[in-house]
Amino acid sequence: MVTVLLPGPLRGEAGGASRLSVTAAGTLRAVLDEMAVAHPRLARRIRDERGELRRYVNVFVDGEDCRHSGGLATPVSDGAEVQVLPSVAGG
Amino acid sequence: MATLLAIGTAKGLFLATSTDDRRSWEITGPHFPMTGVYAVAIDTRRPTPRLLAGMTSSHFGPSVATSDDLGASWDEPDQAPVAFPADTGVSLGRVWQLTPAGPDEPDVVWAGTEPSALFKSTDGGRSFELVRSLWDHPHRPQWEAGFGGQAVHTVLPHPRDRARLLVAMSTGGVYRSEDAGASWTPGNTGIRAYFMPDEWPEFGQCVHKVARDAGNPERLYAQNHHGVYRSDDDGRTWSSIADGLPSDFGFPMVAHPGRAGTVWTFPLVADGERFPTDHRCRVFRSADAGGKWEPLSVGLPEGPFYPAVLRDAMCADDASPGGVYFGTRSGSVFASRDEGDSWSTVAAHLPDVLCVCAAEV
């Protein structure tokens, strides 16, 4: 089981939940794919239609920014914590 | 009967409603806060008017939402309403234009997007499909991005002939279809592209906005990146109507929805000096299809005025006499209930106004 932590602006897309439990593990891509099944609108806020992470969304796996650890191929083990955070951007 | 004025801004959608023939306005919003609302439409072909909004979050991407209760509630599908198919290898930047088709196709809505593409909905704007014929056009690799991004920003169905459709993009110019979008031909003859080595190319122009004449749908008006033009042959060829204007630069071009020959625009000094001409807040109107132009400023700010008006930040309503509206990059919105003769302030201090759309509802 993997825990996905959601930022405030995205909780409305998950019924108000601040955290989701996802059964998939292996890679970050697998976790996000699994999450997309139950929460497709949440999923497309995080990734575009190519499956790429949106530019100003950061995802941390056990505290490590996935962009520095393999991107969507970042290993996610059972019990891991995946945190989605909007980056500091905007005017 | 009320008048609804939808105001898309850089940080959300505001809805202004008037129930006293456009004398006063009640404003709600921001709807979709912290999103740029580049496209909005009020689809009055349905028994209940449908609002459509194209919004883009800088963090969470673009989407399209609809409302069937005049903005009291909004609905956004689970699946992305506008998305590029996987084989294109690109993703949607934003929706720049939402245009209901003619009255004989009440469920068809067109969307113009960045990157430059056209999408078609056959379910009233709930879901859209890429129009492959334009996406696969051999010219597409040569379409360039302007400062605002590379986008199809104008979609003009023909009101009496569903087979005919016109789009405009920056850059790329005007493209026309006479077979319901199955094939596309550039329609830029006579439009100058001063920024290219060949100033009269077949395509590549930076057309800012095109409007179709209500009384004569073969007649079109274009505000270009320098140049104001009219076409009398459904966009095949163009001739200048800029002589009576203080400048041929600007972004919006709005045609009267019910009377032939009347158009409004908001000139800026030049490409390199994007301020209103003479630093005054003035709309220019022609009542003879661009032969003569007159400045309109009664009720508008009198002092020095610097904000620009973007391509979709001016519109007309369908009331009589016609209402005209525009919003500025400084967040002011002005309305006229007498076709531009006089103006009043609808709102001030909003975020940058990106688009406006008005209709009787």
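Two strands pair if DSSP finds at least two bridges between them. In this predicted model, strand 1 (residues 2-5) and strand 7 (residues 81-86) of chain A meet that condition: three bridges join them, and the pairing is parallel. Within strand 7 of chain A, Val82(A) is the residue that stands opposite Val4(A).

Both strands belong to an open sheet of five strands in chain A. The strand order is 2-1-7-4-5, and the pairing is mixed. Strand 2 (19-22) and strand 5 (64-65) of chain A form the edges. Each has a single partner strand, so one side of each lacks a neighbour in the sheet.

Helix 2 of chain A packs on this sheet. The helix touches strand 1, strand 2, strand 4 (57-61) and strand 7 of chain A. Its direction makes about 105 degrees with that of strand 2 of chain A. Helix 2 of chain A spans residues 28-38, and Leu28(A), Val31(A), Leu32(A) and Met35(A) are buried there. Seen down the helix axis, the buried residues fall within an arc of 90 degrees, so they line one face of the helix. An α-helix has 3.6 residues a turn, so residues three or four places apart point the same way.

The largest nonpolar core has 105 residues. Those with the most contacts inside it are Ala6(B), Ile7(B), Val40(B), Val210(B), Tyr325(B) and Val356(B). Strand 30 (residues 353-360) of chain B gives the largest share, seven residues. Beyond its neighbours within four places in sequence, Ala6(B) contacts residues including Leu13(B), Val40(B), Leu51(B) and Val356(B). A second, separate core has 20 residues, among them Val31(A), Leu42(A), Ile46(A) and Val59(A).

Conventions:
Residues are numbered from 1 along each chain as its sequence is written. Chains are lettered from A and ligands numbered from 1 in the order in which they are written. This is a predicted model: local features need pLDDT of at least 70, side-chain atom pairs count only at pLDDT 80 or more; totals for chains, interfaces and linings use all residues. A residue is buried if 20 or more other C-beta atoms lie within 10 Å of its own, exposed if 12 or fewer, and partly exposed in between; C-beta atoms are placed from the backbone. Helices (H or I, at least four residues) and strands (E, at least two) are DSSP runs, numbered from the N terminus. The arc is that of the directions from the helix axis to the C-beta atoms. A nonpolar core is a set of buried Ala, Val, Leu, Ile, Met, Phe, Trp, Tyr and Cys residues joined through C-beta atoms within 7 Å. Two residues are in contact if their C-beta atoms, placed from the backbone, lie within 7 Å. Axes are lines fitted to C-alpha atoms, for helices over the stretch in contact, and angles run from 0 to 180 degrees between N-to-C directions.
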